[in-house]
Amino acid sequence: MKTYFRLLSFAKPIEKFAIPYIITTLLAVLFGVLNLTLLAPLFGVMMSDEKPAPAPTDAPASNFNVMAKFQEFANHSLATNGPEKTLTYICIIIIISVLLSNIFKYFSQRTMEDLRVHTLLNLRKTVFNNVMNLHVGYFNNERKGDIISKVSSDVQVVQFTVTNTLQVVFKEPVTLIFYIIALLMISVKLTLFSLMVIPISAFIISKIVKRLKQQAKESHESFAKMIGFLDEALGGIKIIKAFNATQRIKDKFHAENVFYSNLNRKMVRRQQLGSPVSEFLGVLMVSFIVWYGGSLTMSKQPGALSVGQFISYIAIFSQVMRPAKALTDAFSGIHSGIAAGERVLELIDTKPQMVNKPGAETIKGFNQAVTFENVSFSYGTKEVLRSINLTIQKGKTVALVGPSGGGKSTLMDLIPRFHDAKSGTIKIDGHDYRDLTVESIRAQMGTVNQESLLFNDTIFNNIAFAKPEATEEEVVNAAKIANAHDFILNTEDGYQTFVGDRGNRLSGGQKQRICIARAVLANPPIMLLDEATSALDTESEKLVQEALNNLMKNRTSIVIAHRLSTIQHADQIAVIDKGQVIEMGNHSELITHNGLYKRLIDMQTFTD
Ligand SMILES: Nc1ncnc2c1ncn2[C@@H]1O[C@H](COP(=O)(O)OP(=O)(O)O)[C@@H](O)[C@H]1O
Ligand SMILES: [Mg+2]
């Protein structure tokens with residue numbers, strides 16, 4: 001129930017929809033019931049050789065008794081205007097009432113549709129915004145499929161449920177009440193008798209839907225897995241084909257697909273069982289009423305129903321079944337909706353671990369140094385960095401080298417504060433990172449790494465990503481510095497060429513140079529370069545290295561390079577192994593030291 005109201009809060013401002021909805025629905029229901037009630041006088045008139053029907057005597061005697069009033073009017077008209085005219089009048093009134101009922105119905109449905117779209121819009125926006133705010137550490141591959149399926153399919157399920165149940169919470173009960181009032185007006189006895197059957201059918205239906213919620217949860221998890229898998233398979237299509245693994249991947253997908261489909265089949269079967277069961281119970285009820293009401297009519301006792309009233313009663317009663325059925329249907333659907341809702345809310349409620357502390361300051365520029373003081377870091381329980389002490393002076397180039405898996409990339413991720421250190425402090429110009437806003441720290445830095453990420457957009461927009469208001473001249477200048485201008489001019493539409501999904505229409509070296517141009521344009525004081533050339537062939541490596549050298553000019557840079565020759569001139573080289581800085585110094589100092597660095601250098605000169 002709590003989940004339900006939370007979900008409903010996304011429909012805000014709900015009054016904007018609820019008030020028109022309530023009014024139009026009330027009117028639609030009112031006129032709808034009126035039509036059927038009018039059947040009684042209609043039949044009365046048609047069988048007017050029978051004496052005019054008396055107003056029902058066991059009905060509650062109130063001013064609200066439309067039924068009796070109308071009967072009176074029919075009788076009066078019958079006496080003064082004759083049966084033909086009266087019949088015409090009644091038909092005209094029925095037509096007008098049907099028309100009004102349908103007009104109001106249309107408007108009430110329209111309001112509901114607006115509400116549905118509005119809720120969906122809000123919910124999607126909230127989920128996406130929250131996901132974008134989450135800390136970098138939250139995102140890993142298993143979660144990707146999960147997030148995608150939450151934002152795409154779960155939100156859809158939620159909106160149907162929320163609006164469906166809104167309809168159920170308000171419209172159907174109101175309809176039901178109106179019908180029941182009409183029924184009571186015709187015959188209290190008969191109505192009390194027929195209402196006894198409702199709790200019995202409700203009980204049976206609730207038994208059927210009980211297991212649905214658990215199944216809905218499993219079904220979602222399976223769907224999320226499939227989405228994650230799909231994403232991975234599409235991204236890795238070349239590798240899959242190269243390893244002739246297509247069949248294996250197909251089989252794996254098929255297995256999950258079969259599991260998902262079976263589960264869904266079970267759920268739908270269960271859900272659908274509700275409808276025939278309630279329908280059968282409904283017919284059973286009507287039969288009882290025909291039997292009981294018919295015998296009341298035939299008894300011709302004082303206060304018994306007239307034939308017209310009895311027909312009207314059956315007509316209204318058959319309508320009672322519709323809202324009653326809608327109620328049971330909606331409640332069997334509500335489980336999957338609430339389950340989906342809980343999943344979406346879970347994502348909305350996930351708090352980013354990296355939040356600016358209250359009163360965090362912004363740092364305006366970078367003037368002295370970034371320092372690591374006794375910094376340790378772990379992913380979960382796995383310690384990756386231990387007691388790192390490192391100072392990165394403004395204007396200097398610091399290189400991180402060492403065996404792979406040693407923690408270089410992790411260390412570099414701490415500099416733009418993608419993660420917070422588990423212990424120790426990182427400072428920029430003497431300010432503890434934790435006292436500063438994340439955004440202002442990141443504004444001092446630019447990144448180029450191994451996987452150059454481009455967006456499916458034009459070259460121009462990809463370069464201008466960090467500075468959307470950049471002029472054409474600025475973009476071209478950045479491209480020139482990044483050694484990219486010439487190849488860009490040679491593409492089909494120059495700067496307006498679309499790069500394709502993740503930039504796949506460009507070569508690795510071209511992508512990388514666009515990324516460098518992006519960093520050049522952003523012009524941050526600190527550059528972080530993580531193996532920016534390691535995915536490239538020798539030819540483009542040269543071009544990119546040149547571009548990088550341009551980029552690093554007059555800047556503070558932290559470089560991880562797999563080709564050690566490129567960092568020989570770094571001001572400071574930190575050798576990182578198993579999460580610790582084991583050697584530190586410039587190239588010649590480390591060579592004389594004759595440690596790990598020397599061994600790595602020897603290995604490379606040997607392979608070169
Ligand atoms: N997101 C992550 N979650 C868990 N472990 C990770 C993650 N990223 C890296 N690691 C682990 O941390 C260690 C250091 O990785 P990394 O910093 O990438 O090393 P390097 O860049 O020096 O090759 C490795 O053992 C790696 O398995
Ligand atoms: Mg790395």
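Predicted model: local features only at pLDDT ≥ 70, side-chain atom pairs only at ≥ 80, totals over all residues.
View 1. Strands are DSSP runs of E of at least two residues, and helices are DSSP runs of H or I of at least four, both numbered from the N terminus. Two strands pair if DSSP finds at least two bridges between them.

**View 2. Strand 6 beside strand 7.** Strand 6 and strand 7 (residues 526-530) run parallel and are joined by 5 bridges. Asn449 stands opposite Asp530 in strand 7. Axes are lines fitted to C-alpha atoms, for helices over the stretch in contact, and angles run from 0 to 180 degrees between N-to-C directions.

**View 3. Helix 18 against helix 19.** The two helices pack at an angle of about 5°, with their axes 10 Å apart. Helix 18 and helix 19 are therefore roughly parallel to each other (angles under 35 degrees count as roughly parallel, over 145 as roughly antiparallel, 65 to 115 as roughly perpendicular and the rest as oblique). Residues making the contact include Ile516 and Val520 of helix 18 and Leu543 and Leu551 of helix 19. By class, the contact residues divide into 8 nonpolar, 3 polar and 1 charged. Ala, Val, Leu, Ile, Met, Phe, Trp, Tyr, Cys and Pro count as nonpolar, Asp, Glu, Lys and Arg as charged, and the others, Gly among them, as polar.

**View 4. Helix 16 against helix 18.** The axes of helix 16 (residues 472-481) and helix 18 (residues 508-522) come within 8 Å and cross at roughly 125°. That angle makes helix 16 oblique to helix 18. Glu474, Val475, Ala478, Ala479 and Ile481 of helix 16 meet Ala517, Val520 and Leu521 of helix 18. This contact has 7 nonpolar, no polar and 1 charged residues.

**Notes.** Residues are numbered from 1 along each chain as its sequence is written, and chains are lettered from A and ligands numbered from 1 in the order in which they are written. Local features need pLDDT of at least 70, side-chain atom pairs count only at pLDDT 80 or more, and totals for chains, interfaces and linings use all residues, while side-chain values use heavy atoms, with hydrogens and water left out.

Notes: Contact = heavy atoms within 4.5 Å.
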